[in-house]
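Biologist: I have this model open and would like to go through it slowly with you. Please start wherever you like.

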Amino acid sequence: MSELSIFANGLPAHLRNAELDETTKALMGGSANSYKRISIKGSVFRMVVNGKEVAKNEDRAMNVVIVAAAPKNSRTFYDKAYVDGQVLRPTCSSVDGTIPDKDVQNAQAKSCAECPQNIAGSGPNGSRACRYSRRLAVVLENDMRSEADVYQLVVPAQSLFGAGENGKLPLIPYAQYLKANGVRITGVVTEARFDTNSPTPKLTFRAVRPLEEDEYFFAKEKGKTTEALNAISMDPAAMDLTT
């Protein structure tokens, strides 16, 4: 039988235009195993693939669909100062904000609650040296198709909590607002916008529009993919260092 001759008469109807499944992607290698994230360094949306910046968006806002979120806030601690362009794994980290991750080589305590890096004043200007963040898996509003890329977006602590204004909210109050109105965060286009009054990267969030029916089911399926699960479980340095 010649190569792919079984498809000489075309694919059966139930296989036509089907989205590439995760099993095929896992065995393909190459770009199927690339790790993509949106960095907010310098209050600029930067598209990063395997640690390399490939594009940036100079706009102050970006419309995305949140397809998955880590169930809990993460924590990360670095014992060295940040150096621009250098990829550093955290000294200590916790994906669930409760205990250090199993692969941590230098855990600062047995639990996050008793960690000295989690005390106010352990960081600069009275802050905590170990910082909260929340990992999201998002797709771009203008790229909602079966082969669309899934990006990790790590939301820092100052973008998680607090009060908002003019309908622009930190992430957790934003999710609470949607819940109070009977809306799923995975069922809307979300605008992520930089707070231009903040000296460090800070995002606010607001709902732009509800998803159309086909978009909603697309988002649900994207949230189940390997790329989405990686986005909400891997720290950014691990994604950048994995090829």
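Biologist: What relative accessibility does R89 have, and what does it count as?
Modeller: R89 has a relative accessibility of 40%, so it counts as partly exposed, the class between buried (under 20% relative accessible area) and exposed (over 50%), with a 1.4 Å probe and protein chains only. This is a predicted model, in which local features need pLDDT of at least 70 and side-chain atom pairs count only at pLDDT 80 or more, while totals for chains, interfaces and linings use all residues. Residues are numbered from 1 along each chain as its sequence is written, and side-chain values use heavy atoms, leaving out hydrogens and water.

Biologist: OK, and what does R89 form a salt bridge with?
Modeller: Its partner is D103, and the closest N and O atoms are 3.5 Å apart; a salt bridge here is a side-chain nitrogen of Lys or Arg within 4 Å of a carboxyl oxygen of Asp or Glu. R89 sits in the loop between β5 and β6 (92–94) and D103 in the loop between β6 and β7, which puts them 14 residues apart. D103 is partly exposed as well, at 47%.

Biologist: How many salt bridges does the count come to?
Modeller: The count comes to 11. Another one of them joins the side chains of E191 and R206, at 3.0 Å from N to O. E191 belongs to strand β9 and R206 to strand β10, so this pair ties together parts 15 residues apart in sequence. (Helices, H or I with at least four residues, and strands, E with at least two, are DSSP runs numbered from the N terminus.) Of these two, E191 is buried at 5%, whereas R206 is partly exposed at 31%.

Biologist: Changing topic, how many aromatic pairs are there?
Modeller: There are 4, where rings of Phe, Tyr and Trp (its six-membered ring) pair if their centres lie within 6.5 Å, and planes under 30 degrees apart count as stacked, over 60 as edge-to-face and the rest as tilted. One of them is Y132 with F161, which is edge-to-face, with 6.1 Å between the centres and 75 degrees between the planes. Y132 is in strand β7 and F161 in the loop between β8 and α2, 29 residues apart. Another pair, Y174 with F205, is stacked, at 6.3 Å and 20 degrees. Y174 is in helix α2 and F205 in strand β10; Y174 is buried at 1%, and F205 is buried at 2%.

Biologist: Back to that helix, which residues of α2 are buried?
Modeller: They are L171, P173, Y174 and L178. These four lie on the same side of α2, because they cover an arc of only 165 degrees around the axis, taken from the directions from the helix axis to the C-beta atoms.

Biologist: What do the buried residues of α2 pack against?
Modeller: They pack against β4, β7, β8, β9 and β10, where contact means heavy atoms within 4.5 Å. On the other side of α2, Q176, K179 and A180 are exposed.

Biologist: Which residues touch the most other members of the largest nonpolar core?
Modeller: I38, F45, V138 and L171 do, in a core of 23 residues; such a core is a set of buried Ala, Val, Leu, Ile, Met, Phe, Trp, Tyr and Cys residues joined through side-chain atoms within 4.5 Å. A second, separate core has 16 residues, including V65 and A219.
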